[in-house]
Amino acid sequence: MTIENGKVVGLAYTLKNHNGIELDRADLSQPFYYLHGAGQMIPGLETEITGLAQGAKKSVTVAPADGYGEYEEALKMKVPRSNFPADAELAEGLQFAAQLSNGQQTVFTVTAIHNDAVEVDGNHPLAGQTLYFDIEVLEIRDATAEETAHGHAHGPGGHHHH
Ligand code: ZN
């Protein structure tokens, strides 16, 4: 069996930036499970591991456009404190979802707080970065009907319902 759309895949991986700093990892003991072809994974990585078999190892470099997007200065904004609910407990690093003027839902991170203004950044933390993955394919199986219906993987390391 190889990786193709409709398969649930378990990966071990390390993710590094161009300075070799490790940003994220999934170990053998706690693999990352996802449903291939369901938009759960960044396109640049999903494309490169399509067709791999269980046990395969691969190093994949993903350009920003195929990862978390280019960094957009326009998504860095300073907004009036009054735009937030009076009782909102604002703190640096706080994330919230807001709609852009074009209707797109975007996650913003608070980057600085002033008396009357709040600086926010709507870029993904990894936007603009070239990503270096080392992956190992630990498991490939058919998705269950329920996983296919939900559009994501269930089970160890995957999505859990509460
Ligand atoms: Zn589900």
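Let's begin with Ile 49, which sits in helix 1, the stretch covering residues 43-49. This is a predicted model, and in it Ile 49 has 0% relative accessibility, so it counts as buried. The cut-off for that word is a relative accessible area under 20%.

Which residues does Ile 49 touch, once its neighbours within four places in sequence are left aside? They are Ile 3, Leu 11, Tyr 34, His 36, Met 41 and Ile 135.

In soluble globular proteins, nonpolar side chains tend to be buried together.

In this model, the largest nonpolar core has 21 residues. The members that touch the most other members are Ile 3, Leu 11, Leu 45, Ile 49, Phe 133, Ile 135 and Val 137. Two or more residues of this core come from each of strand 1, helix 1, strand 4 (57-62) and strand 9 (131-142). Strand 9 gives the most, with 5 residues. You can follow one set of links through Leu 45: apart from neighbours within four places in sequence, Leu 45 is in contact with Val 60, Val 62, Phe 133 and Ile 135. Another core, of 9 residues, lies apart from the largest one, and its members include Leu 75, Leu 90, Leu 100 and Phe 108.

## The largest pocket

Now look for open spaces. The largest pocket has a volume of about 270 Å³. It is lined by 14 residues, and those closest to its centre are Leu 75, Gln 104, Thr 106, Gly 122 and His 124. So our landmark Leu 75 belongs both to the 9-residue core and to this lining, by the rules that define a core and a pocket.

Which strand supplies the largest share of this lining? That is strand 7 (residues 105-113), with 4 residues. Sorted by class, the lining has 8 polar, 4 nonpolar and 2 charged residues.

## The second largest pocket

The second largest pocket has a volume of about 190 Å³. Its lining also has 14 residues, and Tyr 13, Asp 24, Phe 32, Tyr 68 and Phe 133 are the closest to its centre. Phe 133 is a name you have met already, as a member of the largest nonpolar core.

Strand 1 (7-16) and strand 2 (22-26) each supply at least two residues of this lining, and strand 1 has the largest share, with 3 residues. By class, the lining divides into 11 nonpolar, 2 polar and 1 charged.

## Salt bridges

Side chains of opposite charge can pair when their charged atoms come close. The model has 6 salt bridges.

Arg 25 takes part in one with Glu 22, where the closest N and O atoms are 2.8 Å apart. Arg 25 also meets Asp 27 in a salt bridge, at 2.7 Å from N to O. Are these residues buried, exposed or in between? Arg 25 is partly exposed because its relative accessibility is 41%, and the values of 36% for Glu 22 and 35% for Asp 27 make them partly exposed as well.

Another salt bridge joins Glu 139 and Arg 141, at 3.9 Å from N to O. Glu 139, at 27%, counts as partly exposed, and so does Arg 141, at 24%. Through shared partners, salt bridges link Glu 22, Arg 25 and Asp 27 into one network.

Definitions and conventions: Residues numbered from 1 in each chain as written. Predicted model: local features only at pLDDT ≥ 70, side-chain atom pairs only at ≥ 80, totals over all residues. Heavy atoms only, no water. Buried < 20%, exposed > 50% of the residue type's maximum accessible area, 1.4 Å probe, protein only. Contact = heavy atoms within 4.5 Å. 1 Å grid on protein atoms, 1.4 Å probe; cavity = no way out; pocket = protein on both sides within 12 Å on 5 of 7 lines; lining within 4 Å. Points joined across faces, edges and corners; volume = space filled by probe spheres on them. Nonpolar A, V, L, I, M, F, W, Y, C, P; charged D, E, K, R; others polar. Core = buried A, V, L, I, M, F, W, Y, C linked by side-chain atoms within 4.5 Å. Salt bridge = Lys/Arg side-chain N within 4 Å of Asp/Glu carboxyl O.
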